[in-house]
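User: I have a model open and want to go through how its chains meet. Can you take my questions as they come?

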Amino acid sequence: MSDLYEFVAKFDELSYLFAAFSAVWLVIFLYAVSISRRQRALAKEVQLLRKLLDEQPSRPSR
Amino acid sequence: MTSRPYPAAARALRRVGYLADNLLLWLSGVAMLAALAMVFLYVPTERVQGPVQRIFYFHLPAAWMAFLGFFTVAGASAAFLWQGKRSVDRLARAAAEIGMVFCSLVLLTGPLWARPIWGVWWTWDPRLTMTLVLWLIYAAYVLLRALADDTETVARYAAVLGIIGVIDIPILYVSIHLWRGIHPKVEPLPPEMVLTLYVCAVAFVCVFVCLLRLRVGSLRLHDEIQALRRQALAAL
């Protein structure tokens, strides 16, 4: 019975340890993914705007 | 026909930057794996606290990176107030976000350690309270930058907040000596634990720099878009 109690106590501690490490990896990973996504969207918009500006006809001089 | 060295130099610099970013990404990955290996396979289990003590090897480096981020905010904000350069403002803004990420990790991992050791998730211990105050100050900074208009006035107000907020860090650091609390004090550690802690710190520094470069890059792209939009409107 004491072995079972010890097993449950250790499992409980390890679950906190697992939760802490998972939290660290998850938070860093999610933040990195969110920045990368935003960066890809911004880079596309930059390309589009540059293309639009290049295609715009230049105004005739007066 | 005159030569134009600057576009070529700019392209070369961009290529170097791209290679450095990739190298840093791989280095961060390897360093984090090494840190995990040391925490779970190398470092001995602490006699009193048991396996849950291993949270310390990520909790403390996360706190150091939060401080690094917020000190960067303060330094870049001071430089922005002095010189008015947009690039240092971008650095301040990015560093605030990254600092917030790591400060959030401190406030997540701390209670996960505290619950099995102290029996409670949270207590109004001086160090814990000051860490929460620090998180709130820079949360205000990040929200201000995210929700207000992106003008120089807002950037200046935020810079002042970024500089004042950093005063919390030395207070937080000495809080365990100034006031009575239950947060563990710094004690001498065995060499294996010190080495593991330093490897984790190096891994976190790599991740910090990686994230900072990514975020500064996206802020730079955002500014470029604003400039191109103004150009497009002017051309109409």
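User: How many residues of chain B are in contact with chain A?
Analyst: In this predicted model, 40 residues of chain B are in contact with 27 residues of chain A.

User: What area is buried between chain B and chain A?
Analyst: About 3,200 Å², and carbon and sulfur atoms give 78% of that. On the side of chain B, the residues that lose the most area to chain A are Pro51(B), Ile225(B) and Leu228(B), together 16% of what that side buries.

User: How many salt bridges between chain B and chain A?
Analyst: Two. The count of residue pairs in polar contact across that interface is three, with both residues at pLDDT 80 or more.

User: Which elements of chain B give two or more residues to the side that touches chain A?
Analyst: Helices α1 (5-42), α3 (86-118) and α7 (191-235) of chain B. The largest share comes from α7(B), with 17 residues. By class, the side of chain B that touches chain A has 27 nonpolar, seven polar and six charged residues.

User: Back to the salt bridges. Which residue pairs with Glu45(A)?
Analyst: Arg229(B), with the closest N and O atoms 2.3 Å apart. This pair crosses between chains, from helix α1 (residues 2-55) of chain A to helix α7 of chain B.

User: Switching to chain A by itself. What is its secondary structure?
Analyst: One helix and zero strands. Chain A has 62 residues, and 21% of them are buried. Its accessible surface comes to about 5,200 Å², with 64% belonging to carbon and sulfur atoms.

User: Now Arg54(B). Where is it?
Analyst: Arg54(B) is in the loop between α1 and α2 (56-83) of chain B.

User: Buried or exposed?
Analyst: Arg54(B) is buried, because its relative accessible area is 8% and the cut-off for buried is under 20%.

User: What is Arg54(B) in contact with?
Analyst: Leaving aside neighbours within four places in sequence, Arg54(B) is in contact with Leu17(A) and Phe21(A) from chain A, and with Val39(B), Phe40(B), Val43(B), Pro44(B) and Thr45(B) from chain B. A polar atom of the Arg54(B) side chain lies 3.3 Å from the backbone oxygen of Val43(B).

User: One more topic. How many salt bridges over all chains?
Analyst: Ten. A network of salt bridges links Arg86(B), Asp89(B), Arg90(B), Arg145(B), Asp150(B) and Asp223(B).

User: How far apart are Asp150(B) and Arg145(B), N to O?
Analyst: The salt bridge between their side chains is 3.8 Å from N to O. Asp150(B) is partly exposed, at 34% relative accessibility, whereas Arg145(B) is buried, with a relative accessible area of 4%.

Note on methods
Residues are numbered from 1 along each chain as its sequence is written. Chains are lettered from A and ligands numbered from 1 in the order in which they are written. This is a predicted model: local features need pLDDT of at least 70, side-chain atom pairs count only at pLDDT 80 or more; totals for chains, interfaces and linings use all residues. Side-chain values use heavy atoms; hydrogens and water are left out. Contact means heavy atoms within 4.5 Å. Buried area is the accessible area (1.4 Å probe) that two parts lose on being put together, summed over both. A salt bridge is a side-chain nitrogen of Lys or Arg within 4 Å of a carboxyl oxygen of Asp or Glu. A polar contact is a pair of N or O atoms within 3.5 Å; within protein, one must be able to donate a hydrogen and the other to accept it, and residues adjacent in sequence count only if both atoms are side-chain atoms. Helices (H or I, at least four residues) and strands (E, at least two) are DSSP runs, numbered from the N terminus. Ala, Val, Leu, Ile, Met, Phe, Trp, Tyr, Cys and Pro count as nonpolar, Asp, Glu, Lys and Arg as charged, and the others, Gly among them, as polar. Buried means under 20% relative accessible area, exposed over 50%, partly exposed in between (1.4 Å probe, protein chains only). Accessible areas come from the Shrake-Rupley method with a 1.4 Å probe; for residues, only the protein chains shown count as cover.
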